[in-house]
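Please read it alongside the sequence and structure shown here.

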Amino acid sequence: MPAGKPALRTIVTLAGGETRDVTELAPRAERDLVLARLMLPARGAATARVATATPAAGTSLSAVGYGRTKTEWVPDKAHTGTFTLDSADATTLAVTGTGTDAICKGDAGGPLLNAAGEIVGVNSRSWQGGCLGTDPAETRTSAVAARTDGLAQWITETTKPRRSAAVNEVGGSDQIRWADWDGDRGPDYVSIAANGNVSVWLNRGPNAFVAVGKVASGTTLDRSRVRLADYDGDGKTDYWVINSNGSFNVHVNTGGDGRGGWSTVGQVASGVTTEHGRVHFADFTGDVHADLLLRGSGTSTAYSAWIGNGMVNGWSGIGQIASGV
């Protein structure tokens, strides 16, 4: 499985019925494991700790899954089975179901838990003996799970927020903006001239800026409609234009004029207002994709948010996020 944004839209359903889009996949190279980054946190969800030691052979373990059973194709509810650990190698655990318990289709990816409720493995593959749809002659209930003990540091490093100056533009609609042009996580000095030209000076420390020069001719003479924020999550700021009808178009930064150019995405959203001065972009969720923040009308300082995931029309409204001051 390739790392990065899923090729197709992928949705996780939480225990309470809420859903979350998956914005990134991070597979583990040497075992059948993948971490999924959610567009929004699963706030309030109970989590299990990852075990720090491999269970001993003969230990009783519990497998949890949503897969088919002996009598149902799609039970649509979690169920458990009891398994005995047969053996372990560097990356896997071999288990056998107690009695007629088996890991069936749809159970892969579910946790394998010890008596303390800690995750010792993630269910990977099984003979599926006794599962609905399996050849009745197949009676084996043995299965394999990917070990998770020893992966705490990898999980922590992979799941920590990764922020970039590219997704949080400073400067509003003025001539001078601050945005991460080169993806080094530092805000660079950007000038949008009255004729639409965009020029960049790279930030190399206090009073140490390196001139890149003109990187774009722009697509509008009204710089108040231009925003600089990271659309595709590569850590580099992209060029946004808010159209008169409220929709906005994006050009992805692939180096700028004479240095790799731009990749035109086109319209990525129909917008939520024709008052472009109320529209801002910042990484509200910390997933390195710019989100749409809309200031309230008139003198209101309240803000509502639409979460972006780097896909055309891939925006999710979450309502008001601040009442203002």
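## A buried tryptophan and its ring partner

Trp-240 is buried, with a relative accessible area of 0%, where buried means under 20%, exposed over 50% and partly exposed in between, for a 1.4 Å probe and protein chains only. Phe-281 also counts as buried, at 6% relative accessibility. This is a predicted model, in which local features need pLDDT of at least 70 and side-chain atom pairs count only at pLDDT 80 or more, while totals for chains, interfaces and linings use all residues. Residues are numbered from 1 along each chain as its sequence is written, and side-chain values use heavy atoms, with hydrogens and water left out.

The rings of Trp-240 and Phe-281 have their centres 4.3 Å apart and their planes at 35°, so the pair is tilted; rings of Phe, Tyr and Trp (its six-membered ring) pair if their centres lie within 6.5 Å, and planes under 30 degrees apart count as stacked, over 60 as edge-to-face and the rest as tilted. Because Trp-240 lies in strand E15 and Phe-281 in strand E18, the pair ties together parts that are 41 residues apart in sequence; strands (E, at least two residues) are DSSP runs, numbered from the N terminus. Tyr-231, Trp-240, Phe-248, Phe-281 and Trp-315 form one aromatic cluster.

## The largest nonpolar core

The largest nonpolar core has 15 residues, and those with the most contacts inside it are Trp-240, Phe-248, Val-268, Phe-281 and Trp-315; such a core is a set of buried Ala, Val, Leu, Ile, Met, Phe, Trp, Tyr and Cys residues joined through side-chain atoms within 4.5 Å. At least two residues of this core come from each of strands E15 (238-242), E16 (248-256), E17 (261-269), E18 (279-282) and E19 (291-295), and E16 gives the largest share, 3 residues. A second, separate core of 14 residues includes Ile-192, Val-200, Leu-202 and Ala-216.

## Another aromatic pair

Among the 12 aromatic pairs in the structure, the rings of Tyr-189 and Trp-201 have their centres 5.5 Å apart and their planes at 85°, so this pair is edge-to-face. Tyr-189 belongs to strand E11 (residues 188-192) and Trp-201 to strand E12, 12 residues apart. Tyr-189 is partly exposed at 28% relative accessibility, and Trp-201 is partly exposed with a relative accessible area of 31%.

Notes:
Helix = DSSP H or I, 4+ residues; strand = E, 2+ residues; numbered from the N terminus.
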